[in-house]
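Look at the model below before reading on. Try each exercise yourself, then follow the solution step by step.

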Amino acid sequence: MGDFTLELNDDQSAVRDWIHGFAADVMRPAAAEWDEREETPWPIIQEAAKIGLYSLDFYAQQYFDPTGLGIPMTMEELFWGDAGIALSIVGTGLAAVGVLANGTEEQIGAWVPQMYGDADDVKVAAFCSSEPDAGSDVAAMRTRAVYDEAKDEWVLNGTKTWATNGGIANVHVVVAVVDPELGSRGHASFIVPPGTAGLSQGQKFKKHGIRASHTAEVVLADARVPGECLLGGKDKLDERLARARERAKSPGSERVKNAAMATFEASRPAVGAMAVGTARAAYEYALEYAINREQFGRPIIDNQGVAFQLADMRTQIDAARLLVWRASWMATAGRPFTSAEGSMSKLFASETAKKVTAQAIQILGGNGYTREYPVERMHRDSAIYTIFEGTSEIQRLVIARTLSGRAIR
């Protein structure tokens, strides 16, 4: 029986330290500025590209780490640096996962490199699923994709919202309805190539947190894409739709994969790792502050009221990381999430980030409430983890349905 360990190996430790150095030396000094500017930090992305941190090769290496810990380790360190800048760096990854989860080998090879560009000309990509009336309720999606057989083109119409890098992306991955009668089972994912007529940016959102990350609407008005831009290909889509129609007649038949959900299932532990990084950053800052801040003639950490908060914060962070690592290992090992372990990891880590960052503000007192100290920004940033890629309520629903086998609503 092989030795069991929770320690990173030498190669993983070296990569972690390398990312940590970039987060500490490049991201953190720039975090407050880009938060105030509410703009995509292109110079920081460029610096990441120059050292190979923003590249297809790097993320492919981490994605195929046999332990499954490459991606969560990377996310934790980057989001320890700053959540807004980190999301600008890794936001392309969600679109890439959308292609990896649904595309053919040829599509993966053709489009994923275009999402990143190169060190001299960096690009970003966007994954477009949510709509003004369809967030968690993916069955309410209205964006339509209609096949023009004569031209072998798909015509896309609709409005997407909450799209990271939406409108500024080189490549957009869009989830659309191809068969309205099938609800969420009648969806498919499409590549919208750069320069496609009919795609435009709608409103850019001014957000509470992660303000260095660009979030906007994407409007599709008779946007035509080649037939080969349907992820997975039309033959596979037709087979899947046929199975879905049979399933509609026979509820006991096989489950049909939804295009958007396949992407989110693969990315939830990574979002949990992002939350762990933000929580850890707030905890470390609060710990150092409590050791050095004196009141009534002694450091405030000497008071149980403060010390016990820090003990709980660290315990919750470590527990969240373990859930993330378990789900990441299971995914890499091909183990099914029989108890919704992916959703568990995101749920617990997200809620931990909100709680820990709030406690950090409390420990800093009035200072924590000002923008002169980073925990205020970390608390604003942490709110997104319980919302995007499935709210905490949706995660609980997924977990409860998985555990019970019941159609809980």
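This is a predicted model: local features need pLDDT of at least 70, side-chain atom pairs count only at pLDDT 80 or more; totals for chains, interfaces and linings use all residues.

Residues are numbered from 1 along each chain as its sequence is written, and side-chain values use heavy atoms, with hydrogens and water left out.

**Exercise 1. Find the buried residues of helix 2 and state how they are arranged.**

Step 1. Helices (H or I, at least four residues) and strands (E, at least two) are DSSP runs, numbered from the N terminus. Helix 2 covers residues 42-50.

Step 2. Buried means under 20% relative accessible area, exposed over 50%, and partly exposed in between (1.4 Å probe, protein chains only). In helix 2, Ile44, Ile45, Ala48 and Ala49 are buried.

Step 3. Viewed down the axis of helix 2, the buried residues fall within an arc of 145°, so they line one face of the helix. The arc is that of the directions from the helix axis to the C-beta atoms.

Step 4. Contact means heavy atoms within 4.5 Å. The cover over the buried residues of helix 2 includes helix 1 (10-37), helix 5 (83-102) and strand 2 (121-122).

Step 5. After helix 2 comes Gly52, with a positive phi near 90°.

**Exercise 2. Describe the largest nonpolar core.**

Step 1. A nonpolar core is a set of buried Ala, Val, Leu, Ile, Met, Phe, Trp, Tyr and Cys residues joined through side-chain atoms within 4.5 Å. In soluble globular proteins, nonpolar side chains tend to be buried together.

Step 2. The largest such core here has 105 residues, and Leu78, Phe79, Ile89, Met115, Leu156 and Phe190 have the most contacts inside it. Helix 8 (residues 259-292) supplies the largest share of this core, 13 residues.

Step 3. Take Phe190 as a case: leaving aside residues up to four places away in sequence, the residues that Phe190 touches include Trp154, Leu156, His172 and Leu230.

**Exercise 3. Work out how strands 3, 4, 5, 6 and 9 pair.**

Step 1. Two strands pair if DSSP finds at least two bridges between them.

Step 2. Strand 3 (residues 125-128) and strand 6 (residues 171-177) run parallel and are joined by four bridges.

Step 3. Strand 4 (residues 144-148) and strand 5 (residues 153-164) run antiparallel, with five bridges. Val146 has Val155 as its bridge partner in strand 5, and Asp148 has Glu153.

Step 4. These two strands form a hairpin with four residues between them, and Asp152 in the turn has a positive phi of about 50°.

Step 5. Strand 5 also runs antiparallel to strand 9, with nine bridges. Ala163 stands opposite Ala216 in strand 9.

**Exercise 4. How many cavities of 30 Å³ or more are there, and what lines the largest cavity?**

Step 1. On a 1 Å grid over the protein atoms alone, a cavity is a set of points where a 1.4 Å probe fits but cannot get out; a pocket is an open set with protein on both sides within 12 Å along at least five of seven lines; lining residues have an atom within 4 Å of a point. Grid points are joined across faces, edges and corners, and a volume is the space filled by probe spheres set on the points.

Step 2. The count is one cavity of 30 Å³ or more. The largest cavity has a volume of about 50 Å³.

Step 3. Its lining includes Phe79, Trp80, Thr278, Arg377 and Asp381. Helix 4 (70-81), helix 8 and helix 11 (375-382) each give two or more residues to this lining.

**Exercise 5. Which value of phi does Phe296 have, and is Phe296 buried or exposed?**

Step 1. Most residues other than glycine have a negative phi, and most peptide bonds are trans.

Step 2. Phe296 has a positive phi, near 55°. Phe296 sits in the loop between strand 10 (294-295) and strand 11 (298-299).

Step 3. Phe296 counts as exposed because its relative accessibility is 84%.

Step 4. For contrast, Glu389 also has a positive phi, of about 55°, but Glu389 is buried, with a relative accessible area of 13%. Glu389 lies in the loop between helix 11 and helix 12 (392-404).
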